Amino acid sequence: MMDLTKEVEILLVEDNPDDMELTQHALRAGSLCNRIHVARDGEEAMDFLFCRGAYADRSFNHPVHLVLLDLKLPKVDGMEVLRALKSDPRTRRIPVIILTSSREEKDLMRGYDLGANGYAQKPVDFDEFREAVHQLGLYWLVVNIPPPPLQGEK
Amino acid sequence: MKHFFSENHEVGTSPLRSTHIGRTVARFAALAAILFGSLALLGWEFGIELFKSLIPGFVAMNPVTALALILAGVSLLIQGTVESGWKTRRMSQVLASAVLIVGLLKLAGVLFRWNLGIDQILFHDKPGFVGATLPNQISPNAAAAFFLIGSALLLLDEKFRGGRPSQFLALAASIIPLLAIIGYADGTRWLYGIAAFIPLSLNAAMADLALCIGILFVRPDVGLASLFLSDSAGGITMRRLLPIAVALPILLGGIRMAGQRAGLYGNEFGAALTSMVDIVVLATLVYLNAKRLHHADLGETKAKEALIRLNESLQHRTTELEAAIAERKQREEELWQSEQRLTLASTAGEVGVWDLDLVADRAWRSLQHDRIFGYESLLPLWSQEIFFSHVVPEDFELVKQRFEEAMRTGRLDFECRIIRADQVERWINAKGEGFRSEQGQLIRVMGVVADITERKRGEEMRERLAALVDSSGDAIIAKTLDGKISAWNRGAEKLFGYTADEAEGKPIMMLFPPGGMNEEAAIMARIERGETVDSFDTTRIRKDGKPVDVSVALSPIKDSRGGIVGASKIVRDITERRRAEERLRQLNAELEERAVALKAANQELEAFTYSVSHDLRAPLRHIAGFSKILTEDFAPHLPAEGRRMVERISAGARNAGQLVDDLLSLSRVGRTELKLEIVGLKGVVEGVVRDLEGDAAGREIEWRIGELPFLECDAALLKQVMINLLGNALKYTRPRAKAVIETGTQVQDGQTVVYVRDNGVGFSMKYADKLFGVFQRLHRSEDFEGTGVGLATVQRIVHKHGGRVWAEAVLDKGATFCFTLSRRLENEGVVG
């Protein structure tokens, strides 16, 4: 098992188990990484990213490299998580890709306004989905240079 | 004594007459003296005894005495008759001095016993000169008399202490001749002769006396003479009594002496008798005189009283007369003022006054009158003819009629137009009143004329305005400051139902619904400040009690001085407007409701589609995903049939996903606002063609892109349209070896039509009306996939732009889809 405190590269925020499984499948198929953690709702995502609650052991100095954020989440909505993330200097730098079935213009606008780094729609076709995820991972984990860690403890 | 000699007794009513008498007396006296003297001289010269001594046997006048008498007489004559020049005065004085000297010398001679021989100067050698015992001499009495007379003459006009000495001297001198005359009458010798001297001759005595009287009378306005000659009671008395008082004793003395000498009675008796007679006669005379005077006096008193009464009545009359004069003066004054005022009034009022003499056909006019007719100054003549020559032809008949009426009634009053001398047309108003002769003929008309052009024009203007107001469809009402209706036009009658008679004078409040006081008070407050009240909506009550919605506007009415005297209201019935407004409000309300409902519905739809886009896709994705995984990961474990089944599951999910996308896109078209911009269709088409390259891979396709215009439209939606149309064309040309897809424009009925033509399988026109229906398909899905939403979307987009979309096709030959967008621009010449 990976060390949650240090080694997570991707945080997948997804409430739907099917979607979760499919996404994980797609990520693994690309052989990009095994270090995925899943948060099942907004609150869990926040706790994880803000190093509190159940994840109090985590540190801001070891941020994830990518957050894949679904929008329709129980407890705390995706947009809320995004806003919280992007408005806190400790977590602002973390790349967040909104991964959702909605292609609604207003979600697009709001997402980008809140500082999302990207927006991807989950296609119905699984092949396409797989390809999209692959491309995402390729870019964000390989090509993209992750943000430098913050100095000092949380 | 002084009284006698004093100046100026009142000489009564005819001073000239008494002066004349006095002077005449003096003249006669002087002449008498001259006569006696001259006669005596003649007597001596020619020896006439009569002349010498008057009564024979009496002593003869001494010649020198005679001479002195003459000289004195001449002196007196000069003084009395000739109006004084100083030369004559001197001469008289010289003569008087001569007389005086003669007398003085003789007296001196007698007193001092000098024999100067004066007496013998003249005629001494004539016979008779030397008398029986003595030669003729000037008697000393005569000398004394001469002395006094001479002095009196010399000092005739001298005054001494308010008195005249000559009067005193003359009176004194008169005693000597008087005594002598009395003596001659009595026979008392010593009275006229002194001692041994020659006595004073009778004629000399008389002459002397005359001289004395003459001297007294030669100045008839002074002294004794003036009193004697005056018309007063005193004068009358003197004239009556004095001569008798002097003459009577002499006469009685004479008679007595004669009687005594005749031995009729003795001395004592004679004296007593004389006294007796004296007393009786004088007393009687005095009494008579007194009686006369008394009566005269009474008469005088009565006369005086009568005079006083007369005077009083005269005074009274004078007062009355004065009053009458004063009154007349006042009346004159008033008349003058009145005339002034008339002139002023007629000038100020620009009223001309005229006075026409009908008989002579001439008229007097004031200057203002002629001015009214356009003349700067008064014409020399004016007549009816001249007047009529100014009247405008149209008014001729009327004026003539009026004149004729005036002849009957005596009253003239008309208005007419005239042409002035300066050719300007004016309105005049002439009024006049006639005066009849005794026979009842109208002979004179007097009146005024005024230029009433301004008033007439004002009237015309007012009439026009009144007609304007009256005919207006709106109600125009005027009210006074205390709220009474003062004007009411026909519009008001129609609106409120009251006639003008019913409304005028009534309070404006009768039009107000109950509780309208405040509104009215507020309005009137603003009016009184001179503000205009803009139209506002309110309610009024008609005559039948029904309320009526009106719009009211007010403005203040000002008089000529600018003071506010009332308000004018324009009231418009806005019932119709209200109704329309109400309807509009209702409609608006409904619309609001509907809009609200619509909004709600839209929001529901939003939520719905959102939900769909999320929730519906997810399961589809799962189906598709797991199917795929199944196929891939478990391929060895699945028979071919199994794999086929799974494939069908995947396809199903894919289709469903596509359907969801299409539906979403269709609904989005309906929801969103058009974002119009100028879009180059060519660019859009080329872009779509590029996007479709993937689908077109491996096929031979000829894309013919013609002249495509710039359109004003929503770019995204237009792209959608082209995607759908071109995508369809691509799809339905699949069976063809070479697909020809043409895009271009045509002009039909002045509109730009965009078309997409393909040589695909086409369709039967029988089903053309189903073409654009949602989910309507004209082909089997195993032949051609599709959701049946694409064309519905195209139609919705085109309709949203206000355009039209239609299609023509021939089965198995091809199809052409056309559309127009109502808002479009002409092709700006961009060639692709």
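This is a predicted model: local features need pLDDT of at least 70, side-chain atom pairs count only at pLDDT 80 or more; totals for chains, interfaces and linings use all residues.

Colleague: Start with chain A, then. How many helices and strands does it have?

Modeller: Chain A has five helices and five strands. Going along the sequence, they follow the pattern β-α-β-α-β-α-β-α-β-α.

Colleague: And what share of chain A is buried?

Modeller: Of its 154 residues, 55% count as buried. Chain A exposes about 7,300 Å², and carbon and sulfur atoms supply 49% of that area.

Colleague: OK, over to chain B. What is it built from?

Modeller: Chain B contains 24 helices and 17 strands. Its length is 832 residues, and buried ones make up 39% of them. The chain exposes about 46,600 Å², with 59% supplied by carbon and sulfur atoms.

Colleague: Where is the largest nonpolar core, and which residues have the most contacts inside it?

Modeller: You'll find it in chain B: the core has 55 residues, and B:L76, B:I149 and B:I215 are those with the most contacts inside it. Several helices of chain B supply at least two residues each, including α4 (63-81), α6 (140-154) and α8 (202-217). The largest share, eleven residues, comes from α8(B).

Colleague: Let's zoom in on B:I149. What does it touch, ignoring neighbours within four places in sequence?

Modeller: B:I149 is in contact with B:A72, B:A173, B:D208, B:L211, B:C212 and B:I215. Apart from that core lies another one, of 40 residues, with B:V669, B:L711, B:L726 and B:I797 among them.

Colleague: Changing topic: how many disulfides are there?

Modeller: Zero, searching the whole structure over all chains.

Colleague: Are A:C51 and B:C416 buried or exposed?

Modeller: A:C51 counts as buried because its relative accessibility is 4%, under the 20% cut-off. B:C416 is at 0%, so that cysteine counts as buried too.

Colleague: Last thing, the surface. Which residues form the nonpolar patch with about 360 Å² of accessible area?

Modeller: That patch is made by A:L138, A:Y139, A:V142 and A:V143. A:V143 sits in helix α5 of chain A, which covers residues 126-143.

Colleague: Why does A:V143 count as exposed?

Modeller: Because its relative accessibility is 53%, and exposed means over 50%.

Colleague: Great, thanks for the tour!

Notes: Residues are numbered from 1 along each chain as its sequence is written. Chains are lettered from A and ligands numbered from 1 in the order in which they are written. Side-chain values use heavy atoms; hydrogens and water are left out. Patches are made of residues with over 30% relative accessible area and no salt bridge: like charges are joined within 9 Å, nonpolar side chains (Val, Leu, Ile, Met, Phe, Trp, Tyr) within 5 Å. Accessible areas come from the Shrake-Rupley method with a 1.4 Å probe; for residues, only the protein chains shown count as cover. A salt bridge is a side-chain nitrogen of Lys or Arg within 4 Å of a carboxyl oxygen of Asp or Glu. Helices (H or I, at least four residues) and strands (E, at least two) are DSSP runs, numbered from the N terminus. Buried means under 20% relative accessible area, exposed over 50%, partly exposed in between (1.4 Å probe, protein chains only). A disulfide is a pair of cysteine sulfur atoms within 2.5 Å. A nonpolar core is a set of buried Ala, Val, Leu, Ile, Met, Phe, Trp, Tyr and Cys residues joined through side-chain atoms within 4.5 Å. Contact means heavy atoms within 4.5 Å.
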